[in-house]
Amino acid sequence: MANSGNGSVQVAGRCIAYVRPATRIPSTLLHLVPMPAWEQRKLIMVAPLQRGFDLPAEKIIPGVYPVMMSNGIGAYHNEYKVKGPGVVTGRSGTIGNLQYVESAFWPHNTTLWVTKFYGNHPKFIYYLYEKIDLKRYKAGSGVPTLNRNDVHDTMVFFPASRKEQELISAVLTYLDDLITLHQRKRLWFAK
């Protein structure tokens, strides 16, 4: 990690827990920024969750808005309940399957969705929730469920600076895209 001597360090240093040591990060993503304070708060004060909305299958009218279910997009509807971007996770059935949604969407009642970002960068909140590992909060033996109240009490450590959140998100998104590209190449060559 480079230190310019004036209290600045590379933002990528804050991401080190997410990055495998052998991963190369392009220099264009390694910006030097002043290191503002990080804060520790309960998750409910950073990005609270709410149960999705009922939408029986027979009430779905084909449209352009994704209906986000616990395991991904289940349908497209002609109405939305939430303006994007958004972060959604499974509440019932598939627990901890996080999804980042750019557009307006309908969070189904099998999901929990972030209701307020409190000025935080939405994509950073997606990665924050990914790091929390929501699967550890599941309850029930038949159909696992996730109680948002259990998650809300979790203490998280995060950068107060939205700029730093954006930079961290950019690095992690780049790495996700790179991993996806290599997985596709591997599948293509395996044919």
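Arg136 is exposed, with a relative accessible area of 53%; exposed means over 50%, buried under 20% and partly exposed in between, using a 1.4 Å probe and protein chains only. Arg136 sits in the loop between α1 and β11. Its C-alpha lies 8.6 Å from that of Gly96, although the two are 40 residues apart in sequence.

This is a predicted model, in which local features need pLDDT of at least 70 and side-chain atom pairs count only at pLDDT 80 or more, while totals for chains, interfaces and linings use all residues. Residues are numbered from 1 along each chain as its sequence is written, and side-chain values use heavy atoms, with hydrogens and water left out.

**Overall make-up**

- The protein chain holds 3 helices and 13 strands. These are DSSP runs numbered from the N terminus: helices are H or I with at least four residues, strands are E with at least two.
- The chain has 191 residues, of which 40% count as buried.
- Contact means heavy atoms within 4.5 Å. Among contacts between residues at least 6 apart in sequence, 66% join residues at least 24 apart.

**Nonpolar cores**

- A nonpolar core is a set of buried Ala, Val, Leu, Ile, Met, Phe, Trp, Tyr and Cys residues joined through side-chain atoms within 4.5 Å.
- The largest one has 28 residues. Leu43, Val46, Val114, Ile125, Tyr129, Leu134 and Val151 have the most contacts inside it.
- At least two residues of this core come from each of β10 (111–114), α1 (122–132), β13 (155–159) and α3 (162–190).
- The top contributor is α1, which gives the most to this core, with 7 residues.
- Another core lies apart from it, with 6 residues, among them Met68, Val82, Phe105 and Trp113.
- In soluble globular proteins, nonpolar side chains tend to be buried together.

**The four-stranded sheet**

- An open sheet of 4 strands runs in the order β4-β10-β7-β8, with antiparallel pairing. Two strands pair if DSSP finds at least two bridges between them.
- Its edges are β4 (49–51) and β8 (99–101), each of which pairs on one side only.
- Neighbouring strands are turned by 30° against each other on average, direction ignored. Axes are lines fitted to C-alpha atoms, for helices over the stretch in contact, and angles run from 0 to 180 degrees between N-to-C directions.
- Strand β7 (residues 86–90) pairs with β8 in the antiparallel sense over 3 bridges. Within that pairing, Val88 has Gln99 of β8 as its bridge partner.
- Helix α1 packs on the sheet and touches β4, β7, β8 and β10. The direction of α1 makes about 170° with that of β8.

**Helix α3**

- α3 has 29 residues and reaches 42 Å from its first C-alpha to its last. That is close to the 42 Å expected at 1.5 Å a residue, where the expected span is 1.5 Å times one less than the number of residues.
- Its buried residues are Glu164, Gln165, Leu167, Ile168, Ser169, Val171, Leu172 and Leu175.
- An α-helix has 3.6 residues a turn, so residues three or four places apart point the same way.
- At the start of α3, a side-chain oxygen of Ser161 reaches to within 3.3 Å of the backbone nitrogen of Lys163.

**Ser70, a buried loop residue**

- Ser70 lies in the loop between β5 (62–69) and β6 (72–77). It counts as buried because its relative accessibility is 8%.
- A polar atom of the Ser70 side chain lies 3.2 Å from the backbone oxygen of Ser92.
- Beyond four places in sequence, Ser70 touches Gly90, Arg91, Ser92, Thr94, Asn97, Gln99, Thr110 and Thr111.

**Backbone exceptions**

- Most residues other than glycine have a negative phi, and most peptide bonds are trans.
- The peptide bond from Gly84 to Pro85 is cis, with omega near 0°. Pro85 is placed in the loop between β6 and β7.
- Tyr118 is not a glycine, yet has a positive phi of about 50°. Tyr118 is found in the loop between β10 and α1 and is partly exposed, at 40% relative accessible area.
- Asp133 also has a positive phi, of about 65°, without being a glycine. Asp133 lies in the loop between α1 and β11 (138–139) and is partly exposed, at 39%.

Methods
Polar contact = N/O pair within 3.5 Å; in protein donor to acceptor, adjacent residues only side chain to side chain.
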